[in-house]
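Biologist: Could you take me carefully through one part of this predicted model, a pair of packed helices, and then show me how that part relates to the open space beside it?

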Amino acid sequence: ALYRELDPGGSGLRALLANLGVTLLAQGRYAQSEPYIREALAATEAALGAEHPHTLALAVNVGAVEASTGRVKAALARFEATAAGQVRRLGPEHPETIRTLNNLAAAYRMDGQGARAIALHRRVLELRGRIHGTESLEASQSDYNLAHALLTAGELGDARKHLEHAMAVRRGLLPASHPDLGEGLVLEAELLLAEGEPARALATITVALDQLQGSVEPSHRSVVKAQELRARAVSVLGRPEERSPDTSVSSRSPRRAG
C-alpha cells in the first residue's frame, strides 16, 4: 500500500513486476516468473492500452513462459496476435516486432510446423543481418534458432552450418561464462547425436552442463534438454555394437545453481 501511495501512477510497480518476472524467466524459474509477468501485463494494459509497445512486449514474455512450459498452442496464438499488433503500431522491421517473429518461429517448430518455422527463421535472420549485421548477437540468435529448426527437420548439413556460425559469433562477443554458450553446446550435442557421434555428444553435454551451472536453474529448458540428451547418449553407448573407442568422458551430474 505504501508503495502504491509513493507511486500513484503505478509505472514503477509495473516495471518492478516486469523486471522480476523476466529475470526469473531467464533463469528458467518459469512457475515463479509467470504471476509477475501476467500481473505486469494486466496492469500495463489497463494503464496504457492493449497495443501500447510496453503492453505488447510483456505479452511476448507471457508467450515465452507458455512455450517454455508446454502450452505451445497458447503461445502460438499470443505471438501471432502480438506480432500483428506490433506491425500495426511499430512497423514490420522494428526490433520488437522481429523479436516476436523469432519467438513465433520457435513456437512453430515446437508445434511440429517445421516448414513454417524454417521459412520464418530465415526471414528473421535476413532482417537481423541487414539491420544489425551478420556478425551481430541478434543475427547469431537467429542462426542458432534456424539451426534448431533445420535439425528438427533432419537437414543436418544446413543445421551445422548455421550453428557453427552462431557459436563463432557468440564466442567472439560473449564472456566465457555466458549461458548462451552453454545453450549452443546443448544443440551441438543434439546435432552430434543425429550425426551418429554419441561419444562426442556425451563429452559436449558434460561441457554444456558445466557452462550452464551457476547461471541458470536446473529447471531451465537447456539443462533439462541436456539431461535428456545425456541419457540418450549413454543408452546408445551402452550397446556394445555401437560403442566407440573414445568414450571415456565424464558423465558427472552438474552442480545445482546457487
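**A helix pair and a pocket**

Modeller: In this predicted model, helix α6, which covers residues 95-110, packs against helix α7, which covers residues 114-132, at an angle of about 155°, and their axes lie 8 Å apart. Angles over 145 degrees count as roughly antiparallel, and α6 and α7 are therefore roughly antiparallel to each other. The crossing of these two helices, α6 and α7, is left-handed. On the α6 side the contact is made by I98, R99, L101, N102, L104, A105, A106, Y108 and R109, while α7 contributes R116, A117, L120, H121, R123, V124, L127, R128 and I131. Sorted by class, the residues of this contact between α6 and α7 comprise 11 nonpolar, two polar and five charged.

Both helices also take part in the largest pocket, where the elements giving two or more residues to the lining are α2 (11-27), α4 (53-68), α6, α7, α8 (137-152), α10 (179-194) and α12 (221-237). The space in this largest pocket amounts to about 1500 Å³, and of the 41 residues that line it, N103, Q141, E183, H220 and R221 are the closest to its centre. It is α6 that gives the most to this lining, with eight residues. As for the classes, the lining of the largest pocket has 17 nonpolar, 13 polar and 11 charged residues.

Methods: Residues are numbered from 1 along each chain as its sequence is written. This is a predicted model: local features need pLDDT of at least 70, side-chain atom pairs count only at pLDDT 80 or more; totals for chains, interfaces and linings use all residues. Side-chain values use heavy atoms; hydrogens and water are left out. Axes are lines fitted to C-alpha atoms, for helices over the stretch in contact, and angles run from 0 to 180 degrees between N-to-C directions. Helices (H or I, at least four residues) and strands (E, at least two) are DSSP runs, numbered from the N terminus. Angles under 35 degrees count as roughly parallel, over 145 as roughly antiparallel, 65 to 115 as roughly perpendicular and the rest as oblique. A crossing is left-handed if the near helix is turned anticlockwise from the far one by less than a right angle, and right-handed if clockwise. Contact means heavy atoms within 4.5 Å. Ala, Val, Leu, Ile, Met, Phe, Trp, Tyr, Cys and Pro count as nonpolar, Asp, Glu, Lys and Arg as charged, and the others, Gly among them, as polar. On a 1 Å grid over the protein atoms alone, a cavity is a set of points where a 1.4 Å probe fits but cannot get out, and a pocket is an open set with protein on both sides within 12 Å along at least five of seven lines; lining residues have an atom within 4 Å of a point. Grid points are joined across faces, edges and corners, and a volume is the space filled by probe spheres set on the points.
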